[in-house]
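Have the sequence and the 3D view open as you read.

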Amino acid sequence: MSHLEKYDQAFMETFMVEQKDLAALKYQDIAAWDSVGHMALMAALEDAFDIEMDIDDIIEFSSYAAGQAILAKYNVVIEPAA
């Protein structure tokens with residue numbers, strides 16, 4: 001499974017959203033992405049990529065797009081689908 005597939009899967013399973021809705025998704029745009037949902041997503045991503053994010057990165061993880069840049073700090077590069 002590619003990094004993009006793992007990334008998308010974490011969002012889709014945590015928030016029960018469709019893949020087509022991910023690109024524009026931002027923190028608190030949907031009811032599921034509240035503070036509890038945010039921590040569930042962080043745990044899913046840490047498990048999926050075997051990383052441990054710094055608290056500052058967890059706080060700054062404010063959207064689907066921003067998350068990709070944050071994960072790059074942990075050598076997790078999310079390549080767009082070809």
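## Ground rules

Contact here means heavy atoms within 4.5 Å. Helices (H or I, at least four residues) and strands (E, at least two) are DSSP runs, numbered from the N terminus. Buried means under 20% relative accessible area, exposed over 50%, and partly exposed in between (1.4 Å probe, protein chains only).

This is a predicted model, in which local features need pLDDT of at least 70 and side-chain atom pairs count only at pLDDT 80 or more, while totals for chains, interfaces and linings use all residues. Residues are numbered from 1 along each chain as its sequence is written, and side-chain values use heavy atoms, leaving out hydrogens and water.

## Helix α2

The buried residues of α2 pack against α1, α3 (55-60) and α4 (64-72). Those buried residues are G37, H38, L41, M42, L45, E46 and F49. With 15 residues, α2 spans 21 Å from first C-alpha to last, close to the 21 Å expected at 1.5 Å a residue (that is, 1.5 Å times one less than the number of residues).

At the start of α2, a side-chain oxygen of D34 comes within 3.2 Å of the backbone nitrogen of V36. Just past the other end, D50 has a positive phi of about 55 degrees. D47 also sits in α2 (residues 35-49), but D47 is exposed, at 66% relative accessible area.

## Aromatic pairs

The model has eight aromatic pairs. To pair, rings of Phe, Tyr and Trp (its six-membered ring) need centres within 6.5 Å; planes under 30 degrees apart are stacked, over 60 edge-to-face, and the rest tilted. Take F11 and W33: their ring centres are 5.7 Å apart and their planes sit at 75 degrees, so this one is edge-to-face. F11 belongs to helix α1 (residues 3-15) and W33 to the loop between α1 and α2, so the pair ties together parts 22 residues apart in sequence.

Both partners are tucked away: F11 is buried at 0% relative accessibility, and W33 is buried at 0% as well. Ring pairs link Y7, F11, F15, Y27, W33, F61 and Y64 into a cluster.

## Salt bridges

There are two salt bridges, each needing a side-chain nitrogen of Lys or Arg within 4 Å of a carboxyl oxygen of Asp or Glu. K73 and D57 make one of them, at 2.8 Å from N to O. K73 lies in the segment after α4 and D57 in helix α3, so the bridge ties together parts 16 residues apart in sequence. K73 is exposed at 53%, whereas D57 is buried at 5%.

D21 bridges to K20, with the closest N and O atoms 3.2 Å apart. D21 is partly exposed at 34% and K20 is exposed at 65%.

Definitions and conventions:
Polar contact = N/O pair within 3.5 Å; in protein donor to acceptor, adjacent residues only side chain to side chain.
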